[in-house]
Amino acid sequence: MITMENVCKSYKVAKRNAGFGEACRALFHREYEVIHALDNVSFTIDDGEMVGYIGPNGAGKSSTIKILSGILTPDSGTVLVDGRIPYKNRIDHVREIGVVFGQRSQLWWDVPVIDSFELLKDIYSISDAKYHNNLEELTELLNLKELLRSPARQLSLGQRMRCEIAASLLHSPRILFLDEPTIGLDAVSKLAVRDFIRRQNENHKTTVILTTHDMQDIEALSKRIILIGKGQILLDGTPADIKKGDAGIDETVAELYRAYDI
């Protein structure tokens with residue numbers, strides 16, 4: 001179970017105007033602006049749930065995922081993931097979670113993908129039997145056989161994302177955080193990734209939190225939607241709860257953004 005209670009997170013960002021004079025002035029007197037990324041965020045996600053976590057850019061989605069994965073420490077509030085405090089029990093915590101950031105890679109750029117997988121095997125201390133079983137299953141389900149011997153830099157975006165998802169699941173995590181996993185993918189690759197995520201949730205009861213701007217991903221995969229805006233939870237319900245009449249999911253969510261002024 002994942003629980004966040006009254007979690008707050010702020011960042012202090014340096015600001016200055018354009019120009020050489022302003023740059024020199026900033027050397028001696030720097031102005032800052034405090035950004036409240038999360039403002040008393042609270043929710044609970046049960047084991048085996050697949051939740052769509054949506055909101056506009058800057059709403060606080062990635063900050064939430066980073067706190068849940070132990071990368072960031074909140075300013076205040078309580079965070080528990082299967083009874084662990086992520087940022088205090090990081091070594092134990094990362095053995096139970098998988099994370100995919102669509103715009104960041106966990107594969108080594110210049111070496112074959114299989115070498116990255118072998119290194120992750122050692123990092124997570126995966127047994128030989130478990131590693132080979134998982135690798136065989138993931139290779140078949142994600143159609144990776146022809147990709148494993150190629151360096152990551154030679155893969156297309158769709159091919160790399162399939163490898164990224166496989167890399168995050170080699171150690172059989174109970175929880176999977178997906179941050180924009182289909183960004184930039186073509187239609188065929190998107191359908192393949194969606195189908196795999198759905199099967200992973202159904203067959204292995206993997207808890208999935210999916211953040212994305214692609215509402216078709218949310219509609220296809222999530223039975224529950226959490227809407228965040230300006231660092232606050234604004235809505236928590238099912239896709240049916242937020243849809244109005246015959247409006248599509250994109251139109252529905254755009255209307256929600258306007259209604260909440262986010």
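Reader: Why is R153 called partly exposed, rather than buried or exposed?

Author: This is a predicted model, and in it R153 has a relative accessible area of 43%. Buried means under 20% and exposed over 50%, so R153, at 43%, counts as partly exposed.

Reader: What makes R153 and D110 a salt bridge?

Author: The closest N and O atoms of R153 and D110 are 2.7 Å apart, and the cut-off is within 4 Å. The pair links distant parts of the chain, 43 residues apart: R153 is in the loop between α5 and α6, D110 in the loop between β5 and α4.

Reader: Why is D110 called exposed?

Author: D110 has 53% relative accessibility. Exposed means over 50%, so D110 counts as exposed.

Reader: How do you know that D47 and R174 form a salt bridge?

Author: Their side chains meet at 3.8 Å, N to O, and the limit is within 4 Å. D47 lies in the loop between β2 and β3 and R174 in the loop between α6 and β6, so the pair ties together parts 127 residues apart in sequence. D47, at 48% relative accessibility, counts as partly exposed, and R174, at 39%, is partly exposed too. The structure holds 15 salt bridges.

Reader: What makes R194 and D217 a salt bridge?

Author: The closest N and O atoms of R194 and D217 are 2.5 Å apart, and the criterion is within 4 Å. R194 lies in helix α7 and D217 in helix α8, so the pair ties together parts that are 23 residues apart in sequence. Salt bridges that share partners join K190, R194, D214 and D217 into one network. Both R194 and D217 are buried.

Reader: Why is helix α6 called largely enclosed?

Author: Of its 13 residues, 11 are buried, so α6 is largely enclosed by the rest of the structure. Among the buried residues are G158, R160, M161 and L169. The buried residues of α6 pack against β5, α4, α5, β6 and α7.

Reader: What makes L119 part of a nonpolar patch on the surface?

Author: L119, in helix α4, has a relative accessible area of 34%, and a patch residue needs over 30%. L119 therefore passes that cut-off, while still counting as partly exposed. With W108, V111 and I123, L119 forms a patch of about 330 Å² of accessible area together.

Terms used. Residues numbered from 1 in each chain as written. Predicted model: local features only at pLDDT ≥ 70, side-chain atom pairs only at ≥ 80, totals over all residues. Heavy atoms only, no water. Patch = residues over 30% accessible without salt bridge, like charges linked within 9 Å, V, L, I, M, F, W, Y side chains within 5 Å. Areas by Shrake-Rupley, 256 points an atom, 1.4 Å probe, with all protein chains shown as cover. Helix = DSSP H or I, 4+ residues; strand = E, 2+ residues; numbered from the N terminus. Buried < 20%, exposed > 50% of the residue type's maximum accessible area, 1.4 Å probe, protein only. Contact = heavy atoms within 4.5 Å.
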